[in-house]
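Please view the sequence and structure first.

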Amino acid sequence: LRAAGQLIPEQYPMARACGFDEVEIDADRARRQPEADWRAAARRQGYLARLRRPAA
């Protein structure tokens with residue numbers, strides 16, 4: 001499942017959590033937000049990951 005449109009790297013983890021496999025952005029956005037930004041966002045833990053963690 002591919003998300004396309006005006007996405008930003010910070011939205012990538014949520015898109016993945018909602019079931020999207022990949023994102024498609026236009027060339028202009030790709031120049032402003034290079035792949036490294038998207039990879040860094042993918043490594044961040046969002047609030048869903050924190051909610052799923054068992055209580056200590």
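Helices (H or I, at least four residues) and strands (E, at least two) are taken as DSSP runs, numbered from the N terminus. On that basis the elements of the protein chain run β-α-β-α-α-α from the N terminus on, with 4 helices and 2 strands. The model is predicted: local features need pLDDT of at least 70, side-chain atom pairs count only at pLDDT 80 or more, and totals for chains, interfaces and linings use all residues. Residues are numbered from 1 along each chain as its sequence is written, and side-chain values use heavy atoms, with hydrogens and water left out.

**Chain totals**

- The accessible surface of the protein chain comes to about 4,500 Å², with areas from the Shrake-Rupley method and a 1.4 Å probe; for residues, only the protein chains shown count as cover.
- Carbon and sulfur atoms account for 51% of that surface.
- Of the 56 residues in the protein chain, 16% are buried; buried means under 20% relative accessible area, exposed over 50%, and partly exposed in between (1.4 Å probe, protein chains only).
- Contact means heavy atoms within 4.5 Å. Among contacts between residues at least 6 apart in sequence, 42% join residues at least 24 apart.

**Gln33**

- Gln33 sits in the loop between helix H2 (27-32) and helix H3 (35-43).
- Its relative accessible area is 14%, so Gln33 is buried.
- Leaving aside neighbours within four places in sequence, Gln33 is in contact with Leu7, Ile8, Pro9 and Trp38.
- From C-alpha to C-alpha, Gln33 and Pro9 are 7.5 Å apart in space, while 24 residues separate them in sequence.

**Arg29**

- Arg29 belongs to helix H2.
- Arg29 is buried yet has no salt bridge, a salt bridge being a side-chain nitrogen of Lys or Arg within 4 Å of a carboxyl oxygen of Asp or Glu.
- The nearest side chain of opposite charge to Arg29 is Asp26, 4.8 Å away; Lys and Arg count as positive and Asp and Glu as negative, while His and the chain ends are not counted.

**Salt bridge between the strands**

- Side chains of opposite charge can pair when their charged atoms come close.
- The count by the salt-bridge rule comes to 5.
- One of these salt bridges joins Arg2 and Glu24, with the closest N and O atoms 3.1 Å apart.
- That pair links distant parts of the chain, as Arg2 is in strand S1 (residues 2-4) and Glu24 in strand S2 (residues 22-24), 22 residues apart.
- Arg2 counts as partly exposed at 48% relative accessibility, and Glu24 is partly exposed at 39%.

- Asp28 forms a salt bridge with Arg31, the closest N and O atoms lying 3.6 Å apart.
- Both Asp28 and Arg31 lie in helix H2, 3 residues apart, about one turn of the helix.
- Asp28 has a relative accessible area of 38% and is therefore partly exposed, whereas Arg31 is exposed at 63%.
- Asp28 also forms a salt bridge with Arg32, where the closest N and O atoms are 3.2 Å apart.
- Arg32 and Asp28 are separated by about one helical turn because they are 4 residues apart in helix H2.
- Elsewhere, salt bridges that share partners join Arg2, Glu22 and Glu24 into one network.
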